[in-house]
Each structure stands twice: as C-alpha cells, then as structure tokens.
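Hi,

Here is the structure I said I would pass on.

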Amino acid sequence: MTTELVLVANITAHPGKSAELKTALEALLVPTRAEVGCLQYDLHQDNNNAEAFVYFERWSGYDTWQDHMKTTHINTFLESTKDIIADFSVTELHKIG
C-alpha cells in the first residue's frame, strides 16, 4: 500500500518580485494537476506578505512527487525563477488521523 504524501511548499520572492513569482507559480497549476498521482495542488498567497506563497500539495506517494520534480515544467520554473526566489522550503507530511 502506498502512503499518501502531503507537502507544504513555502516560497518567498525577493522584494519587488512578487508579481513575477506569482505568474510563474500560477503557470505550474494546470500541468501539475494533470500529472499522474497528483491529488491536490493548490496555490495560496499570504494575506500579510504579498511576497510569500504556499503550495498545499497531496500526492499518491513519494515516488509520484519525485516524478513531478523531474518534469520539464518544474525544471523550467526552477531555472527561470532562481533570481527572484529569496527562500524556498518544503515540509513533507503524512496524515495520522
């Protein structure tokens, strides 16, 4: 049995780069949601800090998330935003109740 993987990705833009980062993050929604194993992929923006974004993700398992991280759209995103992202962290979770 595969254990569902839940991720919280926190991504912060450099000052003045929030609009550019938001556009790049939004471009990931459609292709990622179409991937095999993607159960949920929702983008949020902090109400008090326009430069801070959060993805809430659910994947059918760790391997499907790793496949996602190897896609062309993710690699293109990482390359094109390397100068506008100030901080990027991912927390891996599993549901316990």
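How many positive and negative side chains does the protein chain have, and how far apart do the centres of the two sets lie? There are 7 positive and 14 negative side chains, and the two centres lie 3 Å apart. In that count Lys and Arg are positive and Asp and Glu negative, with His and the chain ends not counted; each charge is placed at NZ of Lys, CZ of Arg, CG of Asp or CD of Glu.

Some ground rules before the rest. This is a predicted model, so local features need pLDDT of at least 70 and side-chain atom pairs count only at pLDDT 80 or more, while totals for chains, interfaces and linings use all residues. Residues are numbered from 1 along each chain as its sequence is written, and side-chain values use heavy atoms, with hydrogens and water left out.

Now the overall picture. The protein chain has four helices and four strands, and from the N terminus they run β-α-α-β-β-α-α-β. (These are DSSP runs numbered from the N terminus: H or I over at least four residues for helices, E over at least two for strands.) The C-alpha trace spans about 45 × 30 × 20 Å along its principal axes. The radius of gyration is 13 Å, which agrees with the value near 13 Å for a compact globule of 97 residues; it is taken over C-alpha atoms, and the globule rule is 2.2 Å times the number of residues to the power 0.38.

Of the contacts with a separation of 6 or more, 69% are between residues 24 or more positions apart (contact means heavy atoms within 4.5 Å). The accessible surface comes to about 6,000 Å², and 53% of that belongs to carbon and sulfur atoms (Shrake-Rupley method, 1.4 Å probe; for residues, only the protein chains shown count as cover). Buried residues make up 33% of the 97, where buried is under 20% relative accessible area, exposed is over 50% and partly exposed is in between (1.4 Å probe, protein chains only).

On to the inside. The largest nonpolar core has 20 residues, and Leu21, Leu25, Tyr41, Tyr55, Trp59 and Phe77 touch the most other members. Strands S1 (5–13), S2 (38–45) and S3 (52–59) and helices H1 (18–26) and H4 (72–80) each supply at least two residues of this core, with S1 giving the largest share, five residues. A nonpolar core here is a set of buried Ala, Val, Leu, Ile, Met, Phe, Trp, Tyr and Cys residues joined through side-chain atoms within 4.5 Å.

- Leucine 25 lies in helix H1 and counts as buried because its relative accessibility is 0%. Beyond residues up to four places away in sequence, Leu25 touches Ile11, Leu43, Phe53, Tyr55 and Phe77.
- Serine 18 is also found in helix H1, and at 17% relative accessibility it counts as buried. Leaving out neighbours within four places in sequence, serine 18 is in contact with Ala13, Ala50, Glu51 and Phe53.
- Histidine 68 lies in helix H3 (residues 62–69) and counts as buried at 1% relative accessibility. With residues up to four places away set aside, histidine 68 touches Thr32, Glu35, Tyr41, Trp59, His73 and Ile74. Valine 36 is 32 residues away from histidine 68 in sequence and 8.8 Å away in space, C-alpha to C-alpha.

Cheers
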